[in-house]
Amino acid sequence: MTSPALASALSPDDVRRLRATAEFVREQETSVLLSRVLPGLDGPELRAVADRCRFAHAALLVFPADHPGLRAALAACGLPDDAAAQPSVVVRDRLAARHALDPADLDVRILRPAAHGPSGERRAVEVFALAVPPASALSSLAAHERAHDHEAHLAFDVDRPDPLLLRGLRASLARHGAVADGGGYNPHEDGTVFYFATPAETKTDYRRMELYARGDHRDLLAEHLEEQRSGAPEGSSAGTRTGTGSRTDAVADPDSRAAETLLRLLTGAWTTQALATCAELRLPEALGTRGPLSAERLAHAVGARPDALRTLLRYLAMVGVVSEERDGFRLTAAGRLLREDATGSMRPLALMYGGPFYQSFAHLGHAVRTGEPGFEHLYGENHFDHFAHDPCLATTFDRSMAAGSRMFDPLPAHPVLTAAAGSPVPRTVIDIAGGTGELLGRVLAAHSSLRGVLLERPHVVAAARERLTAAGVGDRCDYRVGDFADVPPAGDVYLLSRVLHDWDDARCRDILRHLARAMPSDADLLVVERLLPADATPSLATAWDLHMLCNTGGRERGADEYARLFDAAGLDLVGQRPLPLDAHVLHVRKR
């Protein structure tokens, strides 16, 4: 029976659609839903996509008699929502274009009442609402939209988005028939939306899907929208519009699209240098958090020519590091990460990738032909020795390693560490080649009962001591100067983070044998590395594998390859868990 609140606010058809959508949202498992939306997406590729994005909401457009009554109608459908309704400019404009109306005459609002998935995960029903009073001139519009459900779509939130991951996800969707169908960047939420038309073979009633990525990804969005303009198949909502508003479907020129794609890839070095120059000039610091600044004011602040700096700033705006406004330039969320004082600052990475590692990549061909790292060919020594001779460069390198520390966020909660912390006997965690103590510091901060030991080179130990003291855990940490042959004995948990990928297999076996000799029989070893995928799934590990080839002589590996290295040292891989940024923690014990 329909309640009075529902009957007065929504039509019976809207009530049915709303309840069906809410039930759909509550029932779906992400991987199963993806396989239904994109038939043919299965096996390892399905698992890879499902690991990187989660079903977040289903959307529909309803037509209440008025906006005030909608909230009571939602509550009557089991979808209470106390948040204020927000205007939906995107849907308003799409409706206006479809029905040749003035957008100003359409008051479209959006609500996102919560719903929960089968495992209790938080989701939402995204409700777009256009008020259509009885006998309104908009009644025919409402009838058309109810019949065709143009705005209905499924949304998937991307977990820890980065450009490589987003490109990989878009490629996977395209391989299985999804077609670019618009999108946008919302500066208020700092989020980027990629819309797709689902393939004709889809096994759901939804004809559109959305990927939502937190952050500013307008460079990738531009590629996505260009694909929509130039390559959408007949029947999708993509295409070009003539001056009279009629639609013509674009016919893609495969050679032209391939050339554009290759040109973007070939100019990637320009982006690296633009970001490094931005960091070197300290443009993010000069921009600060104030309103937009002109190129002239910024040039004076950083010691640059205004015309040349304007050219750089416009390029940085194109890749989403700054935004260009009428009165000048403003820093974006991505740009703020290039400030030295930013939490998780990536400034050191920009300086390394645009500095010594950029120079060494010019010798990638030599590395591929001979196996000798390009870095050694260029500088005459391996990168660890080279950095040790240059204190400033060594400091930048150590800070660049800390810039990727977000992968460590879940590690203190690993069962091995929580068990050690809960022991009635004080336990010791030993971090081998632990850099400036970023990981060890997190572990000690999370578990006040643990003590730590950090083994590192002399110049790094000094920086680690300073960092851990500042973090308030220095009184529970000892420091050892040495190499892998000097692993301290009698530890309870050993950490080996982002070390093995720096070395070839023979050196890795030596490092692991040193560890095995020092470890007590009941000790645990946690190894943090990126794992190469077993198939062609896009992965950060694939990119870093090339970096290792050119700069360290090491390599990324798959889990099976690490298991063989552990086995050669008398160790067993007993478990693994995923971490952010495509990393994993491998749990290893003595045989």
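## Exercises on charge pairs and overall build

With a relative accessibility of 43%, Arg-54 counts as partly exposed; this class lies between buried, under 20% relative accessible area, and exposed, over 50% (1.4 Å probe, protein chains only). The model is predicted, so local features need pLDDT of at least 70 and side-chain atom pairs count only at pLDDT 80 or more, while totals for chains, interfaces and linings use all residues. Residues are numbered from 1 along each chain as its sequence is written, and side-chain values use heavy atoms, with hydrogens and water left out.

**Exercise 1.** Determine which parts of the chain the pair Arg-54 and Asp-157 ties together.

*Solution.* 
- Step 1: The two side chains of Arg-54 and Asp-157 form a salt bridge with an N to O distance of 3.3 Å. The criterion is a side-chain nitrogen of Lys or Arg within 4 Å of a carboxyl oxygen of Asp or Glu.
- Step 2: Arg-54 belongs to strand β1 (residues 53-62) and Asp-157 to strand β6 (residues 153-158), so the pair joins parts 103 residues apart in sequence. Helices (H or I, at least four residues) and strands (E, at least two) are DSSP runs, numbered from the N terminus.
- Step 3: Asp-157 is buried, at 19% relative accessibility.

**Exercise 2.** Locate Arg-557 and Asp-505, and state how many residues apart in sequence the tied parts are.

*Solution.* 
- Step 1: A salt bridge of 2.8 Å, N to O, connects the side chains of Arg-557 and Asp-505.
- Step 2: Arg-557 sits in the loop between α26 (540-551) and α27 (559-568), and Asp-505 in helix α25 (residues 505-518); the pair therefore ties together parts that are 52 residues apart in sequence.
- Step 3: Arg-557 is buried, with a relative accessible area of 1%, whereas Asp-505 is partly exposed at 29%.

**Exercise 3.** Describe the surroundings of Ser-88.

*Solution.* 
- Step 1: Ser-88 occupies the loop between β2 (86-87) and α6 (89-99).
- Step 2: Ser-88 is buried, at 7% relative accessibility.
- Step 3: When residues up to four places away in sequence are not counted, Ser-88 touches Val-108, Arg-109, Ile-110 and Phe-128; contact means heavy atoms within 4.5 Å.

**Exercise 4.** State how the radius of gyration of the chain stands to that of a compact globule, and what share of its residues is buried.

*Solution.* 
- Step 1: For 591 residues a compact globule would have a radius of gyration near 25 Å, and the 28 Å of the chain agrees with this. The radius is taken over C-alpha atoms, and the globule rule is 2.2 Å times the number of residues to the power 0.38.
- Step 2: Along the principal axes, the C-alpha atoms fill a box of roughly 85 × 60 × 45 Å.
- Step 3: Of the 591 residues, 47% are buried.
- Step 4: The chain holds 27 helices and 20 strands.
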